[in-house]
Structures are given as C-alpha cells and as structure tokens.
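Hi,

Here is the structure I said I'd pass on. Have a look first, and my notes follow below.

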Amino acid sequence: MNSKFERYLEGLIREEYIVHQAMNYSLLARSKRIRPLLMLTLLQDLGVSEEQMERYFPVAAAIECVHTYSLIHDDLPAFDDDDYRRGQLSCHRKFGEETAILAGDALLTDAFDLVAGSDFDPDRKVKVISLLSRCAGSNGMIKGQALDMQFEGRRVALDDLVAMDELKTGRLLMLPLLCALVLTGHDEYYDLFSKVGKLIGIAFQIQDDILDVTSSSQQLGKSTSDRENDKVTYVSLLGIDEAKEKVNDLFSQVRDLLAGKYPEIQKLLDRVEKRTW
C-alpha cells in the first residue's frame, strides 16, 4: 500500500515551472508518511480492501500536502531557520525564500482541490474539507505554531507545552483518523479516535524532543534546532528518562483505548512507538 501511495504522490504534480519543482522537491523527499499511513491503515481496520484503497489516495495526499507545507514554512528564516529537512536541503535553501513560500502556499491550497476532486459524495467531501480547515487553520495547527513562537526563550509550564503540542503536532495526527471515519460513515467512533489522535500527537512530539538531543542531524534528516532557538521542550522540562516514561505511558493509554479492536492501526502505532527518526 505504501509503495502504491508513493507512486500516486509522484504523479500528482506535473513540473511546469519552478514552484512545481519546489513542491515536488519537498513532497517527494524521504518521509515517514505517518499521517497518510494513519488514515490508510485505519481504513483497513474499517473494512476497506486493498483494491478499494486507491479511491482514498487523494484525501491522504491532501493531508500529506498540508503537512509538507507546514514543514516548508517552519524551516524559513522567520521561524526555525533550518537548513535541512527530510534528508536534504530545506526548500528555501534549495530554491530561495520566495519560491519556498509559494510552494508551501500552493501545497496548502491544492490540498483542498484534491479533496474536492475525490470520488466521494458532496456531503463527505465538505466534512473532510471542514476537518482539514479546522485542524490546520487558525484554531488548530496555526495556533500551535503561534504559541511556539510566543514561548520561545520563556519559562513554560508543562501544561502549556502540552496544550501547544496538541495543536501544533496533534491536530494533523488526529486529522487522518477522523477523515477515515468520515469517508467510511463511522461517525460513532469520532470521540474515540479524537482521543487516540490527541495522545499520539503528544507522544510523537515528545519523541521528536528526545531524538533532537540523542540523534544527529544526519540520522534525523533534519536540523536539530530547538536548543539553538532556545525552545522549551519535554526534555528540557522533564529530563530524558521522564520524557521516555511519558511516551510509554501515552502509547499505553492508546492501547487501552483501542482495546485490541483495531489490529492494523495498532501494528502501525507499535512501529511509531519504536521509531528512531
């Protein structure tokens, strides 16, 4: 499934000018693809067959486009000023700031076109577009990014850090799970997977904070800039050992919520729990 989805992404953007080149450069770089994989894997547990899965690729790709746009903009000099992302030069280092900004803008905007053009009834497409807007917009990921800037160089309480990461990281990890439910008509699981996505988002960010101090830029494929930017992290607040314990506790809570009923998504989350980059 992952290889098929990767081929779908490769055929998505026809490179007609430099912004298209920059979009593909960032979108097709080495990536864990956690967000689209969360959606596609939950679809398996909800009964979608391998043969039916390609129908859902446009929505999964839209989520990956939004995530990639956020990374391009995060790396800009006005934000984290990072030189590397996904194992290569960050988009603005390769193409210049102006083109990188446009590439990010285009990926975000084109994501909505992908959902609009997908093979689902209008009601479900509108619900997905609404989810995408709310999770990525001014009361979701963007708010988390604003808090991230606000907290830079300041003493921040653990609860404030969690609240920030629920928005900045958590909303785009919750999004694919909720999209899978909407597209298959399983709204009854909405509360369950909202909780699951929230817990995964916090755990994922703590893992990133740990890897930022225990791994090299080469291993991670990106700059380890949090310390340089004087950002508060779970490691700086809790220490590495307690941060690792927190990750284990969060994934344990996810397992309890899933109660063994979603084997494919649990297999994926087991791999995410053990990730090293």
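How much space lies in the largest pocket? About 160 Å³. Before the rest, two caveats. This is a predicted model, where local features need pLDDT of at least 70 and side-chain atom pairs count only at pLDDT 80 or more, while totals for chains, interfaces and linings use all residues. Residues are numbered from 1 along each chain as its sequence is written, and side-chain values use heavy atoms, with hydrogens and water left out.

Back to that pocket. By pocket I mean an open set of points on a 1 Å grid over the protein atoms alone, with protein on both sides within 12 Å along at least five of seven lines; a cavity is a set of points where a 1.4 Å probe fits but cannot get out, and lining residues have an atom within 4 Å of a point. Grid points are joined across faces, edges and corners, and a volume is the space filled by probe spheres set on the points. The lining of the largest pocket includes Leu12, His20, Cys65 and Leu107. Helix H6 (97-116) gives the largest share of that lining, five residues. Helices (H or I, at least four residues) and strands (E, at least two) are DSSP runs, numbered from the N terminus.

Searching the whole structure turns up three cavities of 30 Å³ or more. H4 supplies the largest share, three residues.

Thr68 also lies in helix H4. Thr68 is buried, at 1% relative accessible area (buried is under 20%, exposed over 50%, partly exposed in between, with a 1.4 Å probe and protein chains only). Leaving out residues up to four places away in sequence, Thr68 touches Ser26, Leu27, Arg86 and Leu107; contact means heavy atoms within 4.5 Å.

Lastly, a helix pair: the axes of H3 (residues 34-45) and H14 (residues 263-273) come within 7 Å and cross at roughly 150°. That makes H3 roughly antiparallel to H14. Axes are lines fitted to C-alpha atoms, for helices over the stretch in contact, with angles from 0 to 180 degrees between N-to-C directions; over 145 degrees counts as roughly antiparallel.

Cheers

Terms used: Angles under 35 degrees count as roughly parallel, over 145 as roughly antiparallel, 65 to 115 as roughly perpendicular and the rest as oblique.
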